[in-house]
Structures are given as C-alpha cells and as structure tokens.
Amino acid sequence: MWNSERSQPNGGGGSGSATKTLGMTSAISTAEPKPEDILKTKELEKSLEPYNVFEAEEELNHRMEILAKLNTLVKQWVRDVSIAKNMPEAMAEKLGGKIYTFGSYRLGVHHKGADIDALCVAPRNIERADYFGSFFDLLKQQPEVTECRAVEEAFVPVIKMNFDGIEIDLLFARLALKEIPDNFDLRDDMLLKNLDQKSVRSLNGCRVTDEILRLVPNIDNFRLALRTIKLWAKRHGIYSNSLGYFGGVSWAMLVARTCQLYPNAVAATLVHKFFLVFSRWKWPQPVLLKQPDNVNLGFQVWDPRVNVQDRYHLMPIITPAYPQQNSTFNVSSSTRKVMLMEFNRGMQITDDIMMGKQMWEKLFEAPSFFYRYRHFIVLLVSSSNADDHLEWCGLVESKIRYLIQNLERNQHINLAHVNPKCYEQHEQNSATTLNGADGKPTAFCSLWFIGLEFERTENLNVDLTESIQNFTDSVHKHAVHIKLLKDGMKIEARHVRRKQLAQYLDPNLLKRERKISDSYTQSCSTAGSGNSNGSASPADAASRKRKSTDLSAASLSSPIAGSPAGSNGSASKKRRNDSFDGASNSSFCSTSSMTPGQTTDTQNAEANDSNTTTNNIAVSDTATTQSVISASSSSPSNGERDEGTAPSSSAEELPSSAEMHDEENPSFESATSASNSNGDPHSTNNSSNGTGNDSSNSTSAAPAAAEVACS
C-alpha cells in the first residue's frame with residue numbers, strides 16, 4: 001500500500017512506451033537511446049552509490065512496516081474518538097481513516113535515512129482539535145515514538161516525530177465524507193469542496209506528488225534522473241525552499257518537465273538535457289507540467305493576470321494539481337543568481353561528461369563557499385537545551401530569507417548568498433558563542449553564513465545596522481506571538497571577514513574549502529590558456545553577453561513577466577539584479593572569459609594592498625553594538641576569486657526552443673497587457689519576493705555605526 005516503488009497507471013513501460021500526455025508542448029526529441037547513452041546511465045548509477053542515495057530492501061521494508069503500524073493506529077484512534085462522541089460501535093468500525101505518503105518517499109527517490117512526509121486523512125466527524133489533542137497523546141504513548149512535537153501554528157500544521165528510527169512529518173486533513181475506505185483516491189478535485197484551507201494545503205502534497213508521477217512518460221528514468229539532480233543541488237548548496245532556493249517538489253517538477261520534452265531518453269541523457277533546458281529557460285516564464293485545470297471551488301490559484309503579487313515571482317514552477325500554486329515563491333534576486341550560475345556550470349560539466357572528458361563524480365564536487373567571498377554575516381542561534389534548540393533553529397531558518405530581502409534592498413549590495421548548511425559551534429571556537437543569563441556559554445549554538453558581495457565603488461559607505469535589527473526584531477516578535485520564545489533562546493548577527501572564519505568554523509573544513517578553491521582556480525586557468533572548452537575567448541564572452549541580454553529582454557516581455565513595467569524601461573532598472581549576465585556580472589562571470597593573469601589568487605589579493613580601492617562600510621555586528629574591521633582587496637570582482645561560470649556556448653542548440661517557451665503557457669496570453677496597463681506603483685520597488693508590503697530602505701536615522709573599511 002505504501003511502497004514508493006510501485007508503478008503508476010500512466011508511467012510505467014520501458015523506453016519508448018506511449019504516453020497520454022507530454023505536458024504543455026510536444027516533445028523536443030523522441031529519439032531512442034543509443035548504446036553510449038545506456039552506458040553513461042550505468043556509469044551514472046554507479047557514481048551515485050557512494051552518496052547513499054539508494055536504500056537497501058531491508059530498510060525499505062522497515063519503512064513500510066512503520067507506515068502499516070501508523071495506519072493501524074489511525075484507524076484505532078478514529079474508532080475510539082467516534083465512540084467517545086456517542087457513535088454506535090458498529091458504525092465507528094466502518095469509518096476508516098488512512099495514511100498517505102508524499103514527497104521524496106512517494107516519488108521513490110528518498111535516500112538512506114531520509115524522513116517520510118505523510119498525511120493522516122480522517123472522516124468528517126473527526127476534528128482538527130482531536131488530531132492535535134487525543135491523537136498526539138496517543139502517539140506519545142507509543143514505545144517506538146520519540147521526539148514527538150506538534151507545530152499547530154504552522155502554515156501547514158504538522159506533528160513531527162521519530163517512529164522507530166525514522167523521522168516522520170505527519171499532516172492532517174478532514175474530508176467532508178462519512179467514511180474513508182482503504183482504496184480511496186485523493187486525485188478527485190471535488191474532494192476539496194467545502195474544505196478548510198489547512199486541509200486543502202495538507203492534501204496538496206499528496207495530490208501534487210501523484211500528479212507528477214502520472215505526467216512522466218517513464219518513471220524509472222525519471223527517478224534516477226531526479227536522484228542525480230537532487231544530489232547535485234544539495235552538494236552545490238541550492239536545495240532549500242525555506243531559504244529561497246528550490247525544494248524537493250520544485251526539482252521534481254523540473255526533472256518531470258525534462259522527461260516530457262525527451263520522453264524516450266535514459267537517465268544520463270535526461271540529466272544532460274535538464275541543464276540544457278533550464279540554463280536557457282526564459283525566466284520568469286513559468287514551468288508547467290500540464291494545462292491548468294478549469295476548476296472553480298473558490299481557492300486562489302497562481303495567475304498573474306489576476307493576482308498582482310504573482311507577477312513578481314522570479315522563477316515560477318507551477319504545481320500540476322488544483323489549486324495550482326507557485327512552489328518557488330521564496331526565490332529572491334540573490335538565490336536566483338546563484339541557481340542560474342549553477343545551472344550554467346552544470347551545463348558545462350555535463351557537456352564534458354557526455355563527450356567523455358569528465359566522469360560523473362565531477363558533477364557532485366561541492367564548490368567552495370567560504371573562499372568565494374571576503375565578507376560574511378554570521379547568524380548565531382543558541383538555546384539552553386536540545387528540544388528548545390530544535391524549535392528555535394527551525395523558526396530562525398524559516399525567517400532567514402527576510403534578512404536576505406532586507407540586504408538586497410541595499411543599493412550597494414550586489415549579492416547576499418546564504419549557505420543553506422547549518423553549522424554547529426565548534427568546540428575549539430566556543431569563545432565566539434553566545435552567553436546565557438548566567439554569563440556562561442550556551443549549551444547549544446548553531447550558525448548560518450551569508451556571503452556578501454558589494455558593488456565596486458570608491459568611497460563606499462554602507463550601514464547594515466537597520467537591516468539586521470529589523471530581522472532580529474521580527475524573529476523575536478514572531479517567537480513571542482506563537483509562544484515559542486523561552487529562556488536561553490538567543491539570536492545574534494555579526495559581520496566577519498574571511499580571515500576571521502576560523503573563530504567560528506572547524507579549521508579542517510576551511511582547509512578543505514581552500515583546497516577546493518585553489519583546485520578550481522588552477523583548472524580555470526588551464527582551461528583559459530588552452531581554450532579547450534570553446535568559451536575562453538573574449539569574443540565568445542561578448543557573444544554570450546549579447547545572448548544573455550536578449551534572453552533577459554525576452555523574459556521581461558514574456559506574457560507573465562514579473563514586472564508591470566510598461567514601455568518606459570523602468571523594469572530593467574528595478575530588476576538590475578534579476579537578470580543574469582554571465583559575461584558582465586563581476587561575481588559570476590566565467591574565469592575562462594578573462595586572461596589567466598586576471599584570475600585572482602587569494603594570497604596575492606590579500607597581500608596586494610597597495611593596488612586596492614578602500615571603501616567604508618558601517619556594519620552592525622550584533623544589531624546593537626558596532627566594531628571596527630579593516631579589510632582590503634584587489635580590484636577585480638571585489639578581490640574575490642571568481643568561481644562562477646558563464647553560460648556554456650554548447651555546440652548543441654535547443655530544438656524549437658522558442659516555440660517551446662512561447663507555447664508553454666497559452667492560458668496566460670493576456671497577462672502582458674494586464675501587467676503593462678495597470679500602472680502598478682510598486683513597479684519601481686524591488687518586489688521580486690512577492691511581498692509588496694515589505695518596507696523599502698528606511699529613511700529613519702540608524703544608530704551610530706563604526707566604519708568598516710572593505711572592498
């Protein structure tokens with residue numbers, strides 16, 4: 001019943017099997033796989049094994065046993081609650097109740113030790129209060145259940161627990177039905193009629209997952225390709241919905257769209273085509289797996305013709321089940337730049353892999369984060385005990401994207417790159433942790449790092465005090481509102497330079513990052529001098545710049561472009577950070593587009609102070625106190641080693657690419673006139689996050705701040 005590997009009605013068959021639907025457009029290629037493609041797929045599967053992305057049969061059976069126990073527990077609970085509400089026992093026995101799965105487990109791409117996303121569906125006589133009351137108490141009584149906690153105030157309320165060694169996130173939905181039979185299918189849209197919003201949101205995960213599986217032509221090829229892309233995204237630090245990157249369902253929909261465009265391709269080809277398609281995608285043109293359903297049950301759906309906020313979404317990926325939503329509304333200008341850079345880098349690597357110049361392991365090499373930037377904001381989050389720390393870190397992580405948005409509003413910050421990995425305070429560096437009320441270091445401390453890239457301007461003065469203060473205030477206010485804030489919970493934001501990172505991180509980690517960074521610089525210099533990848537010459541870089549400019553212009557004029565710009569050109573000014581130009585952006589241009597001598601070495605950059613431009617930046621270390629930090633760097637790219645890559649000028653052109661994008665969303669054809677004619681006053685604001693009510697740069701006087709000399 002809960003086997004994530006079972007075949008689906010529309011998906012199953014082998015290579016070349018017919019399908020009922022291939023999405024919004026016809027396939028780009030229906031070519032059958034060649035022998036070399038099959039060989040590359042076998043090599044790909046073997047390269048994934050060291051990363052524990054596959055689960056043994058014994059572990060899979062253990063998960064199914066746990067879900068069976070949980071399903072029996074739900075039926076027993078529904079029966080007992082119904083009897084307690086004076087329902088005859090014979091009727092209560094027939095009510096049912098069922099556990100459904102969704103997410104990576106349901107898609108069949110979960111890795112070893114992964115959690116399970118599940119949904120408890122109950123009949124109409126069971127209230128949500130019963131779920132978070134009697135059922136929560138019943139779970140805590142089970143000997144296999146530990147770390148059980150309810151998050152009833154969440155946007156999608158959930159009970160989190162560890163059931164016999166497996167983490168489970170269990171949602172709840174109450175259907176307007178008398179009974180829930182064992183073979184009940186949740187795909188019927190009319191099930192949502194008269195349901196509350198929380199139940200609709202809870203049901204959405206299962207409905208979207210089932211629809212994705214139904215819309216791919218070959219499930220086995222889809223699964224292997226998705227495992228690859230998920231591993232790549234995690235290794236490259238762009239896997240986190242809450243922080244503004246893509247989450248699991250978004251990556252699944254992108255891979256599913258690739259499968260629709262190349263229905264007979266094997267996994268290795270699909271991975272290559274994935275980067276080909278989405279490194280050239282005309283964002284903010286939406287990605288859709290099918291024509292939106294014509295259902296009207298009163299729930300809001302993603303539609304930029306109607307909803308003004310939808311026009312500001314930067315990389316919309318629309319869920320295929322009603323009510324259709326954008327799964328990537330958290331994407332910001334900075335996270336968009338980072339992801340586009342990784343798409344283009346992935347395109348170059350997979351080009352080399354398919355030509356036999358590289359092995360698949362190259363795709364999974366993690367890039368250096370801490371040697372990409374010279375200046376960072378470090379968030380220190382501390383608590384006095386493990387349970388409090390788990391909740392506190394969860395809340396802070398869900399709010400970090402608002403700090404990124406605050407930083408992006410600063411005209412002198414080109415990029416605020418958040419590292420999705422949460423680091424624990426290293427014992428050796430406990431002196432930098434936060435102190436409790438008794439003056440002693442708190443027992444639990446976690447850290448997040450945000451790399452900052454400032455614009456290259458002489459006599460630059462930047463004050464980040466207000467941005468940091470607003471963030472910490474909003475976190476505390478929300479914690480108080482949901483009654484989560486407890487003694488010992490603290491959050492602090494500090495500005496640090498790269499050479500100060502050793503105070504916060506394991507020195508061995510920094511050594512590994514330095515080695516990766518040096519290796520990358522050396523390889524780029526070699527590629528640049530040899531011009532072996534076809535993208536090293538300045539002429540190629542200029543050509544790529546022109547193509548990127550054309551692509552940005554096309555995106556802004558697309559039917560659902562994210563800005564009500566009109567014809568005065570204000571959109572390009574508003575979205576100065578929203579269009580990726582691989583040849584001109586100082587932080588993400590290809591090192592191969594420069595001469596080898598222009599590639600900056602870290603040691604030389606730090607030593608060559610006489611050739612630097614010194615700027616003054618006032619930065620609050622704790623949002624209430626200031627410190628003076630001196631830094632200098634060489635002029636290219638803010639003194640940073642350039643680790644980005646420009647779009648690959650691949651020899652293979654995307655067949656009928658223009659037609660593919662033009663036809664991708666026929667139901668939104670009138671959005672251009674709608675967005676251009678409404679004169680939306682927000683068009684000059686940086687509203688890319690879809691929150692037009694957020695305050696822009698405040699004119700109120702910030703606290704006095706010390707000046708920090710930096711590049």
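1. Start with proline 284, which sits in the loop between helix 9 (267-279) and helix 10 (333-354). Helices here are DSSP runs of H or I with at least four residues, strands are E runs of at least two, and both are numbered from the N terminus. The bond to look at is the one joining tryptophan 283 and proline 284: this peptide bond is cis, with omega at about 10°.

2. A quick word on the source. This is a predicted model, where local features need pLDDT of at least 70 and side-chain atom pairs count only at pLDDT 80 or more, while totals for chains, interfaces and linings use all residues. Residues are numbered from 1 along each chain as its sequence is written, and side-chain values use heavy atoms, with hydrogens and water left out.

3. Now go to proline 323, which also lies in the loop between helix 9 and helix 10.

4. Where does asparagine 86 sit? Look in the loop between helix 2 (57-84) and helix 3 (89-92). Asparagine 86 is not a glycine, yet its phi is positive, about 70°. It is exposed, with a relative accessible area of 71%; exposed means over 50%, buried under 20% and partly exposed in between, using a 1.4 Å probe and protein chains only.

5. Asparagine 194 is worth a look too: you'll find it in the loop between strand 5 (166-174) and helix 6 (197-215). Its phi is near 70°, a positive value in a residue other than glycine. Asparagine 194 counts as exposed, at 71% relative accessibility.
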